[in-house]
Amino acid sequence: MDSVYRVMFHLRSVWAILLALAVGSILILAAGSNPIEAYATLFKGAFFDYWGFAATLVKMCPLLLAGLAVVLPLRAGLFNIGAEGQIYIGALFATIVALYVPGLPGPLHIVLCTLAGALGGALWALIPALLKAYQRINEIIVTLLLNFVALHFVSFVVSGPMMEKGAPYPYSPEIPDTLFLPHLLARTDAHYGVLVGVVIALSLYVVFQRGVFGFTLATVGRNPNAARYAGMSVERHIILSFMIAGAFAGLAGTFEVLGHRYRLFHAFSQGYGYDGIVVAFLAGLNPLFAIFSALFIGGLRSGANMMQRAMGIETTVVEAIQGLVILFVAASLAFRYRATAIGRAIARRQEVEEALDGQTGDRKT
Amino acid sequence: MADYKLALENITKSFGALTANDAVNLRVRAGTVHAVLGENGAGKSTLMNILYGLYKPDSGRILVDGQPVTVSSPKEALASGIGMVHQHFMLVAHLTVTENIVLGMSGQGLMLDVAGHTRRIEDLSKSFGFDIDPGAEVIKLPIGMQQRVEILKLLYHNAEILILDEPTSVLTPNETGPFFELLHRLKDAGKTIIFITHKLEEVMAVADDVTVMQDGKVRASVGAADTDPASLARTMVGREVLFQVKRSAHSTGETVLELDGVTAGNDRGLKALERVSFEVRAGEVFGIAGVDGNGQTELAEVITGLRSVDSGRILVAGKDITQTSVSRRAGELGIAYVPEDRHRDGLVLDDSVAQNAILRTYDQAPFASYGFFNRQAIADHAARLVRDFDVRLQSIDQEIRYLSGGNQQKVILARELEANPKVLVAAQPTKGLDVGAIEFVQQQILNQRDRGVAILYISTELEHLLDVCDRVGVLFSGRLMDTLAAADATPERIGLLMAGVAA
Amino acid sequence: MDALLNPQAIVEVLSSSLRLSVPLVFAALAGVLSERSGVFNIALEGKILAGAFGAAVGAFFMDDPYSGLVVGMLFGMMAGSILAVLGVTFGVNQIVTGIAINIFVLGITAFLSRIVFGAQANTLKLPGFKAFEIPWLSSIPIIGPVLFSQDLLVYVMFASVALVFLFLYRTTWGLAVRAVGENPAAVDSAGLSVPALRYGCVMAAGAIAALGGCYLVLSQVFLFSEHMSAGKGFIALAAVILGRWSPVGALLACLLFGFFDALQLRLQFNYPDVPHQFFLMLPYLISILALVGLVGKPRPPASVGRHYRREAK
């Protein structure tokens, strides 16, 4: 009995998806279409069609990287809801290097753009990290607010100093074609960025499983007092985890520019940073599973376009389904809460804060 | 029957396989102080939680004034006139005394009549000589005063039966006397008091009757005048109390650990240690006595590097280590540390036994190389420690939270002692352990002494200190009052120092 | 600067400050109530949006703003009930639940608004509230036009602040709420139900935050657009901290944020050469700076975000 329960429990993300699709079918009915036909179109378009699958991979890239940007700090009990902003700043840094650093051979220039993008995201994430580590300011609120700042800042840049002359919308000039990321599937938009994402996810998985950093990060999250006793610095881990997460998100923004759009557009991210939260929780905060959950969410997104073209169903239906997915994943945590990675990672959040309180010398009882 | 204010009949309560209360009978005469005596885990708290409506008994009944009552919630308990002061106070720190007292009081309207309550509380407070300002925020009151707020709360709610759970554990020795006087005043006012404790002297000092519990059962129920401490102790422990660890003769060596005028603050930024100086020699156990909260935690933390000092120096083998990091103190300098609160500081409860066994050496060879772990080395290491220290467990991959307190403490000791430390700081290492585990821990500490380790042994249990220490220093509000050689350290002399009275 | 300093301009800036702060005040008030009871409410954003959508639906079908108000509050309470059930009863982390609610509401309202309003979604002109002048009071110079020539929801907002204040500090239930946010065990031991108190606060918070959304739809734009809450719920969270978890403090913090918002609109109008995005960034930047520059450390209710379960061995 217990083992049946355990199997059911470990498949909770699958149940959440199925339940969300079931409720989603009611929504599709309400929109006046046949749900079975709609889902068939959606999944066929997303995964069993050459062009459609390429479109899925294009969306999967930023989703996966943004998802990892949520997964990593949560191992230390910290919420990075700022991937959206980090994506923008990363893309901005990458575009600046792409447009204004001349005279480099193509491949080297790509590497430089990529590093700049990662750095941009990391620096943007450094702000909430420093405020959290040394001022104990809630990182959730700061990252959320910074998202809006980044959005408007990039919007300013591409409608002012970096705007393409005579452009009808706010966007930057096109980057040199020597910087275009090579394509993964011929004649499609699918680029190599998604492979970088997968490699990072796999590496992160190994680091979480066997790496010293994975262990210290988890220890800081699980018991910061014991972490101090073991000689680990809580503040350093807050800063490091946020900067690496910011770098992941920054890469997401970078690859959007180098691999997909070839320019910096105003408001280009369309919420990839927030969708990353869905990816992370659907994967149970496991970097390996994040690959699959990003593929799934990416498929929903690209399939939705297919569904709209074929059947005239609003693409917003997948936003609703995605909302249902995360709601049901959250609800599934009500069962055997402690046993889940998510439960463990965040149950200790309060303790990190208390340890910080202790350190800054004004814990009150 | 009717002369009993309160009677519990055949109360039984099990948690899974454990029977916490086994057909317990308790009869309390009106207007008396009735002590319930027993060791940790004897079932006292379970019984009181049943009486207070927090737990539901499997069987048995409760009678107040001879009438059966049901208490399935604290509210019903209070309605039957039963109130409880928990060991950890149930006060809301940032509310005022009045607000705390009227919280949850039935029979009030929607609107809060602060002025009216304040006046009545003030009157009640005066009539018992409490001297409490009802408008004060509770957090700003000293602990002894907070305890009075708790009692005042029960009185204001018209409780007739007051359960006091280990009330003296938060008091300094010189606050205990006035507290006992207070109990007499309550008794004179016709209140019935149930006094839960594990301290024999207190029973003899204030109780009219005493019920002794052991292993979930009532072992004796007698008038305090008809018994004596020795027989109470025998009943409480369930065997002859003959507690002595093996202590061989030894000689001490060079000074290893030295504190020179160390001053440090606590988490709230208040001064916790003031110009503390002492030295500990190789092969010596230096004990620190004192009531909890007089700077012991901070002392252990400054030596191990978890807390920075405001002024003064810490030396190990003559070398100034005041600015050295935690990990270098643990590693190169060989300062081992058994923290006071093992769940808070010493262990990561979510991690496996094997992981906890390398908590302080996780990044060193052979456990880790190039940033990655060597699982085989970690497993071998854990298996060896488990064998050497006789840790009882199912698997080294088991989460350490599922081990008993004694076995958790063994893992910590094994981890801290395996690297042959030069200094051992043991803060309350026997806290919350059963008798067998206590003996094991103390024996290990004495073995280290014989090996020539300089040991700082912090404890609030005087008997434990006297069992193992060569010298005892007493901390009182952050100052080291005096240091006594083991032979001169009588409980009386230490007790005076603990109360801040210089010898 | 002259353009900003004449009496006419001052009245305009102040009264637009007030109007811009209304949704924030409702949301922050909801945040105060729910966090005072010990439930971290990152879902304010979703509740504003749910309220806005409800208001639009109610006003659209019944063709009157009062129905919009009722349906909006109902939707806000539905969003609140998710937080209550998962966060209070089942002990799912309140932050995770709150984030899930935000994403869920965002997705479902985006979809449903297309279904309900169809193609006319963006051209809709819903019935709404009109400003009316309170006789005599509105003729006081400066204060009159700013405070007493607003629409119904502005007056409701001031009344709500007063009511929440009276509730928290002058009633026995309010005392219990303040206590449960600090020390639920003490409240439990005093014989009060911790979950009941928290349910009450979270549900009421849902309705109050929803009023912020209602204001957006019924008093400002008269239509529903996707993600029209635009981070107001998060600014409100900052206002809760800045206002030290007190209703009046939160009101003042929101008025401050509203003032900067009004100022930026005005500046945007007066200084067309400064890129407008700088002004758009301002409210968020001000919120962060307010958190950073806070004098003294804020002390949140001690049990906020923590699930309470009676200690049972």
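What share of the 313 residues of chain C counts as buried? In this predicted model, the share of buried residues in chain C is 56%. Chain C contains 13 helices and 0 strands, and from the N terminus onward its elements follow the order α-α-α-α-α-α-α-α-α-α-α-α-α. Taken along the principal axes, the box filled by the C-alpha atoms of chain C is roughly 70 × 50 × 40 Å. When contacts in chain C between residues at least 6 apart in sequence are considered, 76% of them join residues at least 24 apart.

Chain A has 16 helices and, again, 0 strands. Its radius of gyration of 21 Å is close to the 21 Å given by the globule rule for 365 residues, so chain A is as compact as a globular protein of that length. The C-alpha trace of chain A spans about 60 × 60 × 35 Å along its principal axes. Of the 365 residues of chain A, 60% are buried. For contacts in chain A between residues at least 6 apart in sequence, the fraction joining residues at least 24 apart is 78%.

Helix α3 of chain A covers residues 35-47, and its 13 residues should span 18 Å at 1.5 Å a residue; the end C-alpha atoms are 18 Å apart, which agrees. The buried residues of α3(A) are A:Ala38, A:Thr41, A:Leu42, A:Gly45 and A:Ala46. Viewed down the axis of α3(A), these buried residues fall within an arc of 115 degrees, so they line one face of the helix. Their cover includes α2 (12-30), α4 (50-74) and α13 (287-311) of chain A.

Helix α14(A) has 17 residues, for which 1.5 Å a residue predicts a span of 24 Å; the distance between its end C-alpha atoms is 24 Å, in agreement. In α14(A), 17 of the 17 residues are buried, so this helix is largely enclosed by the rest of the structure.

Chain A touches both of the other chains discussed here. In its interface with chain C, 42 residues of chain A are in contact with 39 residues of chain C. On the chain A side, two or more residues each come from α2, α6 (106-135), α7 (139-159), α12 (272-282), α14 (316-332) and α15 (341-347). The residues of this side comprise 30 nonpolar, 8 polar and 4 charged.

In the interface with chain B, 21 residues of chain A are in contact with 26 residues of chain B. Helices α9 (212-222) and α10 (224-229) of chain A each supply at least two residues of the side that touches chain B. The largest share of that side, 5 residues, is from α9(A). By residue class, the side of chain A that touches chain B divides into 6 nonpolar, 8 polar and 7 charged.

The largest nonpolar core has 392 residues, and C:Ala28 and C:Ala239 are those with the most contacts inside it. The element giving the most to this core is helix α10 of chain C (residues 194-221), with 18 residues. Leaving aside residues up to four places away in sequence, C:Ala28 touches C:Ala236, C:Ala239, C:Val240, C:Gly243, C:Ala250, C:Ala253 and C:Cys254.

Some backbone features are found in loops. In chain C, C:Arg244 has a positive phi of about 55 degrees although it is not a glycine. C:Arg244 is located in the loop between α11 (232-242) and α12 (247-270) of chain C. It has 16 C-beta neighbours inside 10 Å and therefore counts as partly exposed.

In chain B, B:Tyr370 is not a glycine, yet its phi is positive, at about 50 degrees. B:Tyr370 lies in the loop between β17 and β18 (372-373) of chain B. With 6 other C-beta atoms within 10 Å, B:Tyr370 is exposed. A cis peptide bond, with omega about 0 degrees, joins B:Ala365 and B:Pro366. B:Pro366 is placed in the loop between α12 (353-357) and β17 (368-369) of chain B.

Note on methods:
Residues are numbered from 1 along each chain as its sequence is written. Chains are lettered from A and ligands numbered from 1 in the order in which they are written. This is a predicted model: local features need pLDDT of at least 70, side-chain atom pairs count only at pLDDT 80 or more; totals for chains, interfaces and linings use all residues. Helices (H or I, at least four residues) and strands (E, at least two) are DSSP runs, numbered from the N terminus. A residue is buried if 20 or more other C-beta atoms lie within 10 Å of its own, exposed if 12 or fewer, and partly exposed in between; C-beta atoms are placed from the backbone. Two residues are in contact if their C-beta atoms, placed from the backbone, lie within 7 Å. The expected span of a helix is 1.5 Å times one less than its number of residues. The arc is that of the directions from the helix axis to the C-beta atoms. Ala, Val, Leu, Ile, Met, Phe, Trp, Tyr, Cys and Pro count as nonpolar, Asp, Glu, Lys and Arg as charged, and the others, Gly among them, as polar. A nonpolar core is a set of buried Ala, Val, Leu, Ile, Met, Phe, Trp, Tyr and Cys residues joined through C-beta atoms within 7 Å. The radius of gyration is taken over C-alpha atoms; the globule rule is 2.2 Å times the number of residues to the power 0.38.
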